[in-house]
Amino acid sequence: MGMIYGKGFSLLKEKFVKEWNLYTNHKFIKKLSDNTLEKKVFLNYLIQDYLFLYQFSKAWSLALVKAESLNEMKLCATTVNEIVNFEMSLHERICQSYGITKKNLQTAEEKNKNIAYTRYVLEKGYSGDFLDLLTALVPCAIGYAEIGRNIKKSKPRNKMYKKWIATYSGKEYQTVAKNVGKLFDNSIKIRLGNDYIKTYKWKKIQGIFKRATLLEIDFWEMAFE
């Protein structure tokens, strides 16, 4: 993949390559791409992901508040718009075709692993700074783009799996992820300088990235429960 999503992300991914692979090559993804994923597992995931996106849009809104430049604010605002007006309605449309209404989605119960992940991210935003929060958001924002790229060539027969792959491998989402990668790089440099790898803060960033990646793995697992 090289540096397609920026230098900061690449360094973190290399550092936690084992965890990253468990996340981006999870059996959920493998089954989705070769069409062996059970429909109920996917719907399970989709409902939780809808609730996840609701909290995640709040986390990106919080990043908007924590931002220190207009440039940072713009990207956070664009991402909130992307989640609330596009990604969530995609979930609504897919679920509707399986008889799960918007009301069903909104009143569904959040599972513990979902709560653990979303509240971890929000907590990083409440107690930390912009960089802490952004680091917690990166594994999801960029991870899905990477997964989309990886499985782009697979052609599942299931229409909704096709649609899911097309969404995250598509140009629009890839642009979102690349912009997040750029934002991450700029935010690190502005706050920590060019020699950021030697800073105490970079150690902290590594810890947040690793934890968020592990919580992503749990999120896939949850779909099979």
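Me: What should I know about the model first?
Reply: This is a predicted model, in which local features need pLDDT of at least 70, side-chain atom pairs count only at pLDDT 80 or more, and totals for chains, interfaces and linings use all residues. Side-chain values use heavy atoms, with hydrogens and water left out, and residues are numbered from 1 along each chain as its sequence is written.

Me: Are α7 and α8 roughly parallel or antiparallel?
Reply: Helices here are DSSP runs (H or I, at least four residues), numbered from the N terminus. Helix α7 covers residues 112–127 and α8 residues 130–151; their axes lie 7 Å apart, at an angle of about 150 degrees. Axes are lines fitted to C-alpha atoms over the stretch in contact, and angles run from 0 to 180 degrees between N-to-C directions. Angles over 145 degrees count as roughly antiparallel and those under 35 as roughly parallel, so α7 and α8 are roughly antiparallel.

Me: Which residues of α8 make the contact with α7?
Reply: Contact means heavy atoms within 4.5 Å. From α7 come Tyr117, Val121, Lys124 and Gly125. From α8 come Asp132, Leu133, Ala136, Leu137 and Cys140.

Me: Where is Asn35, and is Asn35 buried or exposed?
Reply: Asn35 sits in the loop between α3 (27–33) and α4 (39–66). Its phi is near 70 degrees, a positive value in a residue other than glycine. Buried means under 20% relative accessible area, exposed over 50%, and partly exposed in between (1.4 Å probe, protein chains only). At 18%, Asn35 is buried.

Me: Which residues does Pro156 touch?
Reply: Pro156 lies in the loop between α8 and α9 (159–169). Pro156 is buried, with a relative accessible area of 1%. Leaving out residues up to four places away in sequence, Pro156 touches Leu32, Ser33, Asn35, Tyr161, Lys162 and Ile165.

Me: Which residues touch the most other members of the largest nonpolar core?
Reply: A nonpolar core is a set of buried Ala, Val, Leu, Ile, Met, Phe, Trp, Tyr and Cys residues joined through side-chain atoms within 4.5 Å. The largest one has 78 residues. Beyond four places in sequence, Phe42 is in contact with Phe28, Leu32, Leu37, Met160, Tyr161 and Trp164. Those that touch the most other members are Phe28, Phe42, Tyr45, Trp60 and Trp164.

Me: What covers the buried residues of α1?
Reply: In α1 (residues 7–15), Gly8, Phe9, Ser10, Leu12 and Lys13 are buried. The cover includes α2 (17–24), α8, α10 (171–192) and α11 (200–223).

Note on methods. Helix = DSSP H or I, 4+ residues; strand = E, 2+ residues; numbered from the N terminus. Parallel < 35°, antiparallel > 145°, perpendicular 65-115°, else oblique.
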